[in-house]
Structures are given as C-alpha cells and as structure tokens.
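Student: Could you walk me through how to read packing and contacts in a model like this one?
Tutor: Gladly; let us look together.

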Amino acid sequence: MKQSKHTLQVWQIAKVNLRHNFLPLLLLSVIIMMLTPALFGITHLDSKATAVPLEMFLSIIGIILLVPIFQPEHDDEIKDIIASKYIDSTYIHLIRVVYSVVGIIVLVLIFSLFMLLCGCEITMALICGTIADAMFLGSMGLLALAITGNLPVSFMVSLLYYVINIAMKSKLGNFNLFAMMDGNYKPNSYLFVASIIFITISVSVKRGFAKK
Amino acid sequence: MLLGKEIRKTVLSLTFVAFIIALLVMTISQDVLNFSDEVIVFPKQGADYGIQQKEVPELIMPAAFSSLCEEFAANEYIAYPIGFYKSVKLNDTDREKMADIISTLSGAEQEDGSIIIGKDDEVSETKGDIEVTLSDDISYEEFRACMKQADDLIGGGSNYSENNLLNYSYVAVTYEEAIENYNLIASKDKFTGAYARLFCDFVGIILSIFPVFIAVTVCLKDRRAKMNELIYARKTSSFKLILTRYFSVIIAAMLPTIILAYISNISVWGQYSGMSLDYLAPLKYTIGWLMPSVMISAAIGMFFTELTGTPIAIAIQGLWWFIDINVGVSKLRGVHTLFELAPRHNALRNTQTFLDEFNTLAANRLIIVGAALLLVIATVIIYEQKRRGELSGYETIKTHIAGLANRKSKSAA
Amino acid sequence: MENCIEIKELNKFYGKKKQALSNVNLTIEQGMFGLLGRNGAGKTTLMKTLATLLKKQSGSISICGIPIENAKEIRKIVGYLPQDFSMYPTMTIIEAMDYLGILSGIGTKERKERIDLLLKKVNLTEHKNKKVKALSGGMKRRLGIAQALLNDPKVLIVDEPTAGLDPEERIRFRNLLCDVSEERIVILSTHIVGDIEATCENLAILNEGSILYCGTVSDLLDTANGKVFSKTVDKRDLPKLKKEYNIIGMHSQGNKTYIRFLAELPYPDAESCEPNIEDAYMLYLWNSGTAPILSGGEE
C-alpha cells in the first residue's frame with residue numbers, strides 16, 4: 001500500500017515536470033534528431049561511419065536534456081516554496097535525472113533503429129556508447145549548473161569539452177567522445193561511469209547548497 | 001559613461017570568465033601561443049620541401065574520370081556535403097544523366113543509363129569492371145564543366161567538386177617553388193602575418209560560437225533582475241542602449257583575443273631579427289579575420305534573445321557553427337566561400353592561396369559584418385517595440401501564431 | 001504535542017561577520033503572532049529558519065515539540081508563504097496547487113478536496129484555470145496563502161504578506177489570516193504596523209537580529225503611555241523643532257503643521273496623545289539607541 005502510494009507520488013511529480021519543464025527540451029532534442037539525417041548520410045554505413053552522426057551530433061541531446069535539470073527552481077521565489085514542502089527537492093531532481101536519461105536512451109534507440117532500417121551497421125556497443133557520450137556531455141554541464149547556478153556558463157562548459165574533443169580527439173584517451181569513429185569502444189564505460197559520478201556530485205552539491 | 005558601465009557589467013560576469021577559460025584552453029591545447037618551434041627558414045638546395053596540391057590537368061583528368069566510372073558502375077558516390085561522409089545513390093533519371101556525362105568524356109555511347117563499349121558490349125554493373133577511357137579530344141575546361149555537372153547530380157561535396165578535384169593532384173614542391181613561397185611570406189606576410197593567420201584559424205573556432213553566450217547573458221540580465229521596466233522608463237534611447245551593449249560584448253571578446261594574438265606572435269619576433277616584420281599583423285588579422293565572426297555571433301545572440309526572451313539563440317548559432325566547422329574541414333588549405341562563419345587557413349605557409357582567395361575572404365567578412373549590423377538594427381527595433389508594450393517577445397510570437405491559426409480556421413469555416 | 005513554538009538562544013550568521021539573529025528567545029502560542037521590525041532586522045531570516053530553509057548556528061528551536069533538526073517532520077506541520085512568492089509561470093492556479101499538494105505528500109482524493117476548499121476560501125475558484133504569470137499581485141498572494149494551507153498546517157508562517165497590496169486586498173488578507181488562526185499558530189512577519197494592529201494579540205519587535213520586545217499588544221501600548229505628544233507649530237519653526245523633538249508624524253494645516261512626537265517627559269504646550277502600536281514601536285527603537293532619522297533632513 002505504502003509502495004503503491006510512493007510510486008503514485010513519483011509518477012505524479014514526474015508527470016508535472018515532464019509537462020512543464022521537460023517538453024520544450026524534448027522538442028528541441030527531437031529537432032536535433034530529425035536534423036541528423038539532413039546533415040549526415042545515414043545509408044549503408046559501416047560501424048565506424050555510423051558512429052560519426054551518433055557521436056558528433058546526436059550526443060548533443062545530452063546537453064539539452066540534462067543541463068537544465070536544476071533550472072526550474074533557479075528563481076528564488078519558486079525555490080523557497082518548493083524547498084519548504086514535505087517532499088525533498090533532491091527527490092524531484094532525481095526524478096528529473098531519471099526521465100532525462102530515459103529520454104536520451106529512447107531518442108538514441110529510435111534513431112539507431114532508423115539507421116538500422118537504412119542499412120547501417122548498428123551494434124549495441126554503438127548505442128551504449130552514444131548514450132554514454134550524451135550523458136557525459138550533459139552531466140558536465142549539470143555539475144557546472146549545480147556549482148555556479150548559471151545556465152549559459154553550464155552550456156559553455158559542455159560545449160567547450162565538445163570543442164576540445166574536435167581539436168584533440170585521441171589525446172583525451174579514455175575520455176574521448178569520438179572514439180567509436182576510430183573503432184575504439186573502450187572510452188564508453190569510462191564516460192558512462194564519469195557521468196554517473198558527475199550527476200551524483202551535482203545532486204549532492206545542490207542539496208548541500210539548499211541546506212546552508 | 002554608459003559604454004564603460006556596460007563593459008564592466010559584461011566583464012564582471014561568470015559567462016565572461018567562462019569565455020576567457022575557453023579561449024585559453026583552446027589556444028594552449030592547440031599550441032598556438034608559442035610558435036617559436038615553427039621558424040620559417042630559407043629553403044636549402046636538395047631538401048624535401050613537402051607536397052602541394054597543384055592543378056595539373058594531366059594528373060587530375062584520368063584519375064577523376066576513373067573514379068567517376070567506378071562509382072557509376074556501383075551507383076554509389078561518396079560525398080562530403082558538410083564535411084561528413086555521405087553515400088549517394090542516383091535514381092534512374094540521374095543515372096542516365098551521369099551516363100551522358102561519361103559518354104561525353106569518353107566518346108562511348110550510352111543507352112538507358114548504361115555505357116556501351118563497342119557494338120554489343122555493356123558495362124558490367126559490378127565495381128571495377130570498367131573499360132571506358134577518357135577521350136583525348138576533351139579539353140580541361142570541358143572536363144571541369146562535366147565534373148561540375150556530375151557533382152551537382154550527386155548533390156555537392158563529391159570527389160568531383162571544384163575543390164576536391166585538386167585532391168587527385170599532389171606534386172612535390174620544387175626548390176624554385178619553395179623559394180617563391182618563402183619570398184612571398186617574407187614580402188607579403190612579413191613572416192608575422194603567416195603566424196597571425198594560423199592563430200586566427202584555430203581561435204576562430206571558439207570565437208564563432210562562444211560570444212553568443214555572452215550576448216545572451218547580457219540580454220537576459222535585465223529580465224532576471226526584474227529590471228526591464230526600470231530601464232524601459234529611462235531616457236536613454238533603445239538605439240544607444242542596444243548598440244552600447246553590443247559593442248561592450250565585442251570589446252569584451254576582442255580585447256583578450258588581441259592580447260593572446262600578440263602573445264602568440266611575439267613568440268617568433270626574436271627568430272627573425274634583422275628581417276622586416278609587420279608588428280601590426282596580429283591586430284590586423286584579429287580585427288579583419290576574427291572580429292566579424294564575433295560580431296555575427298553576438299548579433300544573433302542579441303537578436304533572438306530580445307525577440308523570444310529565451311536563450312534559443314545558443315541553439316541557432318550552435319547549429320550554424322556546427323555545420324560551418326565541419327564544412328571547413330574540406331577548406332583547411334585556405335579556400336573561402338561567401339557565407340562562411342569561421343574562415344580556415346590551417347597552414348603556416350600557403351601565402352599564395354591566401355592571396356588568391358583574398359577577395360572572396362574580404363567579401364565574406366564584409367557580408368558577415370553587414371549581416372551582423374542588420375541584426376543589431378533589427379534588435380533595436382524589437383527592443384523599442386517591447387519598450388512601448390507592443391511586443392513581449394515569445395508571448396507575442398505565440399499570440400501571432402495563435403492568431404494566424406484562428407484566421408485560417410475561420411476562413412476554412 | 002504542545003501547540004507552541006519555543007525558540008531559545010537562537011543565533012544565525014551569514015558568513016563570519018554578519019550576525020542576522022542574536023540570542024533570540026521567543027515562545028509563540030496558538031493564535032496570531034506578529035513579528036515587527038524594519039527592513040533588515042532579521043524577520044525573514046527568522047521566518048526561513050522556522051520553515052527549515054536556513055540552518056541555525058546555535059540555540060534550539062522546537063515546533064510543537066519537534067526539534068527543528070527534524071526537517072521532514074517539521075515540513076509536515078508547517079505552511080510557509082515567503083515574502084517573494086511565485087510558481088512556474090506556465091502552470092495554472094489549479095496545476096500549481098496540485099503540484100504543491102503532491103509535494104506536500106497529500107493523497108489524490110484528499111488533495112482535490114482541499115484544493116477546492118482552499119480556492120473557495122481565498123476566492124480564486126473562478127480563476128483556477130488562469131496561468132500564474134497572468135495573476136495580479138493580490139491574486140498571487142491569495143494563491144500563496146492557499147498553498148501554505150494545503151497540508152492543514154499547525155503552524156502558518158507568512159512573511160510580509162500584505163506588502164504591495166491595495167487597501168482592499170490588505171483588509172481581505174488580514175481577515176483571511178484571522179480566520180485561519182483559530183486552532184493554529186500564525187506568525188505574521190511585517191514592517192506594516194497596521195497589519196499587527198488589525199490582527200495580532202501578541203507580538204515581538206525585532207531589531208538588528210535581537211528581540212526588543214515580546215509580549216501582548218496592550219502591554220506594548222502601556223509602555224508608550226504618557227510618552228506620545230502632539231503640537232501644532234508654525235511651518236517656519238519646523239527645521240528647529242526637527243532637531244529638538246523625535247517627530248514621528250506630521251501633516252500640514254495651512255501654514256501650520258501638526259506634529260506628533262515622542263518624549264520621555266511631558267512637554268509644556270504639547271498635548272499628550274493615546275499611543276498606537278506604531279508610536280510604541282518607534283519608542284522602542286528610540287530607546288534601544290537605534291533611532292532612525294525620522295525628521296527627513298533640512299528644508
């Protein structure tokens with residue numbers, strides 16, 4: 001009984017946030033996804049060529065979906081009201097993280113399926129790698145937002161890392177976002193684990209600031 | 001003074017600090033702050049002077065034709081329209097047109113999209129099984145025209161585009177050419193110009209996107225602090241306010257860039273003692289090459305932020321930037337187009353290419369500056385409308401769209 | 001569980017230097033309790049601390065027997081309306097109430113009933129589908145009080161609720177607060193004396209983080225008895241008189257000016273007046289040595 005009440009609560013909070021805070025971001029991510037075939041050829045590509053649009057473009061949805069997670073309560077006037085309620089704000093942030101990550105996974109899966117139907121060589125490793133890329137990029141910006149409270153700066157942090165990857169590629173070792181284009185899948189797990197760490201630190205930092 | 005205050009506001013923001021960090025990270029990671037290891041010396045007889053792309057018809061024509069026939073047989077053409085690999089398959093109509101082109105170049109007949117060799121032979125459909133050769137009667141101009149047609153059929157960015165044809169023709173640089181290149185650098189670039197150009201090539205990548213964040217922050221600051229009405233009610237004209245803010249963003253972005261450009265350039269001054277150097281080269285290049293990119297980036301930031309009241313400008317500029325830097329990959333040797341955002345010239349030498357492309361580059365930079373200024377004027381108009389309560393950004397757009405939808409449904413009814 | 005708030009030796013610092021609250025001791029019983037003080041006195045800091053939004057440095061607070069450290073349990077029984085209040089602008093009133101109700105841990109059925117009841121109470125039922133960003137200041141405040149009452153709190157904390165409201169809205173709001181203060185502790189923090197006068201039996205005066213007075217309104221008024229005077233003077237004499245008297249009110253009557261001022265001892269040719277809360281409040285500030293410059297400067 002308590003479990004079902006709890007589940008209902010989670011769903012109700014998620015529903016409101018999905019509608020009011022997530023929808024515009026999802027729309028922008030869908031636009032990115034739909035632009036990808038317009039910018040890149042996605043027919044009959046081998047795995048290395050398939051990795052190109054996934055790593056270089058689709059992974060940007062991570063920035064769009066993850067970075068603004070703390071933004072709805074950026075306004076002090078809203079923050080105090082939400083913070084004074086029984087349900088902890090951290091709980092809300094975690095719900096947002098979960099549905100944002102689910103959003104990334106769903107969009108990557110949809111696009112990968114589309115590429116598969118176009119005759120591309122899609123593997124689970126490619127799909128997981130793209131998700132890891134997206135989460136890593138987004139979680140960097142999320143951490144910046146937790147620390148600075150400044151959304152443009154947070155986007156800049158993610159974008160800067162993206163630019164560094166274009167300029168330096170393999171010099172970034174196991175944190176190279178574009179490794180799959182060279183057939184290297186080792187960074188995927190590093191990027192994924194790092195993204196989980198960044199997200200955890202972000203939520204903790206936000207919680208710490210709230211309890212000052 | 002208003003400009004001083006706006007610059008202060010801009011510079012004392014976290015966004016600006018992040019911009020400086022981005023600039024430093026880029027310049028340090030790409031090793032463009034210290035060129036002392038890359039001294040340009042007078043060529044020695046018998047050394048290896050590298051290779052160069054050179055338009056040698058005797059090399060280009062057979063190689064490009066052979067490649068075209070191979071791709072025709074497989075009906076699979078490789079293209080890089082925005083710098084990314086794309087595999088193009090032609091439909092029947094276009095395939096016939098392509099067959100026409102090959103027929104023109106080889107003299108062989110074509111029928112229903114297939115090339116006929118001899119009387120009854122037909123070209124095999126599998127890759128590599130081509131026996132068609134380039135006709136001796138075809139001039140290079142005719143050949144190029146046919147290649148352009150082929151590239152258009154493929155959709156651009158193919159191996160047969162004007163730019164990519166040169167990829168079939170690499171030749172070794174001769175001693176005389178090496179001396180000529182050196183003399184060009186000494187006389188036209190005065191050495192420092194070459195380094196300044198290379199600096200701009202790398203830094204342009206950052207400067208064509210990051211100023212949009214500064215501009216968005218500047219525009220959203222009033223809204224965040226709930227100061228809009230306080231400012232709207234003041235005497236200062238919208239023109240003065242917007243222009244001052246715009247210039248504060250430009251100055252804030254350009255000052256550190258100029259400083260870094262000089263740091264980069266000064267690193268080689270000592271290597272050319274006794275030679276005639278252009279000490280103003282870093283200034284000329286940062287202003288002429290980089291500033292237009294900063295201007296358009298900031299202008300787009302201000303325009304869309306004032307129009308919508310949201311940071312959507314970041315996504316818009318981001319998209320243009322993304323396409324531009326990837327298209328730029330195919331133009332690294334210094335070829336320019338009229339609407340590029342961040343001109344590339346990823347070579348220390350290649351002065352001749354720079355000189356050849358100078359007019360296009362200058363036209364491009366002027367077009368970009370013109371577009372930026374137009375956007376700024378449009379921003380002033382929007383701001384003035386908002387000040388009079390006739391426009392409230394995104395809400396007005398939504399209302400207009402809703403209004404249009406209503407009108408449509410009414411007329412349908 | 002006793003229905004009161006006990007605050008003992010409460011201290012709160014911002015950074016190392018700024019002390020926002022200094023050895024605050026208060027006991028707040030059921031009913032309307034006013035917290036009066038000028039801007040920057042520490043009222044909002046105290047309100048936020050009670051609402052578990054700020055951490056104290058030292059001292060103890062218990063709300064209905066629950067120590068303040070137990071934030072989760074405190075939030076169950078406290079309703080808070082901050083000074084600057086807003087909600088996600090794209091939400092309608094009903095959506096905002098529903099979301100805040102979810103965050104208050106209220107079940108679906110109960111939530112719906114409470115929302116309908118509260119919107120009716122604050123006269124927002126017919127506006128329930130209006131977006132938050134389209135609400136007037138008064139409507140926003142009413143929404144604010146409605147959301148603070150969602151969880152039927154034992155303690156209601158309202159921070160400067162009437163600032164910026166027109167007189168009609170202000171009276172409506174005060175009446176609403178009085179209504180809800182039955183069987184509840186309502187702490188009303190304000191710098192508008194009229195709010196206290198109209199609604200509170202007990203109050204505390206906070207100044208620079210310290211409590212200057214805590215007690216009933218009538219006792220406060222007693223302390224000011226015989227210390228408030230009025231006089232009609234020539235306008236030309238005003239500059240001189242401003243230096244001499246602690247003027248707390250004046251208005252022109254032709255070329256004469258009626259002044260109201262504080263003094264420890266009776267003044268000849270000045271009339272003794274019945275003190276109001278504002279007079280008593282100013283007297284306390286004056287006696288504490290933090291008298292503000294009331295006279296408005298040279299003419």
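Tutor: The axes of helix α3 (residues 93-103) of chain C and helix α4 (residues 108-121) of chain C come within 10 Å and cross at roughly 135 degrees. Helices here are DSSP runs of H or I with at least four residues, strands are E runs of at least two, and both are numbered from the N terminus. Axes are lines fitted to C-alpha atoms, for helices over the stretch in contact, with angles from 0 to 180 degrees between N-to-C directions. This is a predicted model, in which local features need pLDDT of at least 70 and side-chain atom pairs pLDDT 80 or more, while totals for chains, interfaces and linings use all residues. Residues are numbered from 1 along each chain as its sequence is written, and chains are lettered from A and ligands numbered from 1 in the order written.

Student: How are two packed helices described?
Tutor: By the angle between their axes and the distance between the axes. Here α3(C) and α4(C) are therefore oblique to each other (under 35 degrees is roughly parallel, over 145 roughly antiparallel, 65 to 115 roughly perpendicular, the rest oblique).

Student: Which residues of α3(C) and α4(C) make the contact?
Tutor: Ile94(C), Met97(C), Asp98(C) and Gly101(C) of α3(C) meet Arg111(C), Arg114(C) and Ile115(C) of α4(C); contact means C-beta atoms, placed from the backbone, within 7 Å.

Student: And how do the domains of chain C relate?
Tutor: The assignment, automatic or from a database, gives domain 1 (5-221) and domain 2 (224-287). Their C-alpha centres lie 34 Å apart, and 11 residues of domain 1 of chain C contact 9 residues of domain 2 of chain C.

Notes. Two residues are in contact if their C-beta atoms, placed from the backbone, lie within 7 Å.
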